[in-house]
Amino acid sequence: MNVFIVILGLLNLLVITNIHIKTQISILMLYFSLLKKLNFKKIINFIKVYSGYLFSILLKKGIYFGFPVSISIEPTNLCNLQCIECVSGLRKLDRKLGKLSFDLYKKIIDESSEYLIHLLLYFQGEPFVNKDIIKIIEYAHHKNIFTATSTNGHFLTSELARKTVEAGLDKLIVSLDGTNQQVYEKYRVNGNFDTVILGINNIVYWKKILKSKTPEIVLQFLVMSSNEHQINEIKVIAKNLKIDRLEFKSIQINNIENIYLLPAKEKFRRYNLVNNEIKIKTKLNNKCWRLWNSIVITWEGDVVPCCYDKNAKYTFGNIKELAIKTIIKNDVAFIFRNKVLKNRKSIDICNNCTTK
């Protein structure tokens, strides 16, 4: 087996943007953690998926072999904040609000665990709003799946932080888009800067007390016009917090009225401004690795192609009615992949995507 090919595939499972140089060792350790989750069956499945992807590009036909190696599951689409560009927090989603039931989650994991390498417990909403989140993390951990989640950090009390570490979470992304309350709340409406800092400290504390290497703590800083002057300050805060990694991420704009959020620094912009309209800088090639290696599942069980389909507009099927194996290879999924291979720009959700 070509181990190099496998590692290349694993890199695609994680969305990493503008990483800080001193974090290279942390990233390598993360990849080793992913490799530990592999077994012969998962490796063979990965090769099948990757082969299907390569054949699809070559033949311009949506061929699919194997089973998704990465799944994103939505614990809830409810959130305690009202971030300016978040359709979930602003209650602008075109689908019901609610929480994933543990029984439905268990069905997903039981169907996919023998193939699944990477699990992201996040789509829309704040995962820790779901009271079953610790049980959800534990179940994936016991199934030997690399498990990550993303949070705004407001629910990480000392008790919940301890339980999160004990549950075996592999990676925790915490969003912190400012170095003080005044700047932070400009985007994270109803958010509290000090609460997030306390939550991060709680995770760091319990990792130390429990002598646990996990979860890897990633501090995510969404670069905007309001906070780009604080980039050096957040580096200092990250160092003082003793987190594992700091990531800078470009902001996604859905509402043209919010173009003022775009930072002045070109390297942190995902768009070009043309005649007061935003155009994604990434060249949209007629291919997308995400459509082969991963799927996203809403709290209601709808399977959608990727995280850009926030309203579940392009649903392939529902896992309450069909098995994942059936859904990923059905006619709806086949037609969607074919469309991406022939004219990706014609799909609205793709036009805000940075995946090449």
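Residues are numbered from 1 along each chain as its sequence is written. In this predicted model, local features need pLDDT of at least 70 and side-chain atom pairs count only at pLDDT 80 or more, while totals for chains, interfaces and linings use all residues; side-chain values use heavy atoms, with hydrogens and water left out.

**Stop 1: the sheet.** Select the strands (DSSP runs of E, at least two residues, numbered from the N terminus, as are helices, runs of H or I of at least four residues). An open sheet with mixed pairing is formed by 9 strands, in the order 6-5-4-3-2-1-9-10-11; two strands pair if DSSP finds at least two bridges between them. Strand 6 (245-250) and strand 11 (317-318) are at the edges with a single partner strand each, so one side of each has no neighbour in the sheet.

Now select residues 294-297 and 302-304. These are strand 9 and strand 10, which run antiparallel and are joined by 2 bridges. Val-296 stands opposite Val-304 in strand 10.

**Stop 2: helices on the sheet.** Select residues 102-112. This is helix 4, which packs on the sheet and touches strand 1 (70-73), strand 2 (118-121) and strand 9; contact means heavy atoms within 4.5 Å. The direction of helix 4 makes about 180° with that of strand 1. Angles run from 0 to 180 degrees between N-to-C directions, and axes are lines fitted to C-alpha atoms, for helices over the stretch in contact.

Next, select residues 231-241. Helix 9 also packs on the sheet, touching strand 5 (216-223) and strand 6.

**Stop 3: the helix pair.** Select helix 6 (residues 158-167) and helix 8 (residues 193-209), which pack at an angle of about 50° with their axes 8 Å apart. The contact is made by Ser-158, Ala-161, Arg-162, Thr-164 and Val-165 of helix 6 and by Asn-202, Ile-203, Trp-206 and Lys-207 of helix 8.

**Stop 4: Tyr-271.** Select Tyr-271, found in strand 7 (residues 271-274). Tyr-271 is buried, with a relative accessible area of 2%; buried means under 20% relative accessible area, exposed over 50%, and partly exposed in between (1.4 Å probe, protein chains only). Not counting residues up to four places away in sequence, Tyr-271 touches residues including Ile-251, Leu-262, Ile-280 and Asn-352.
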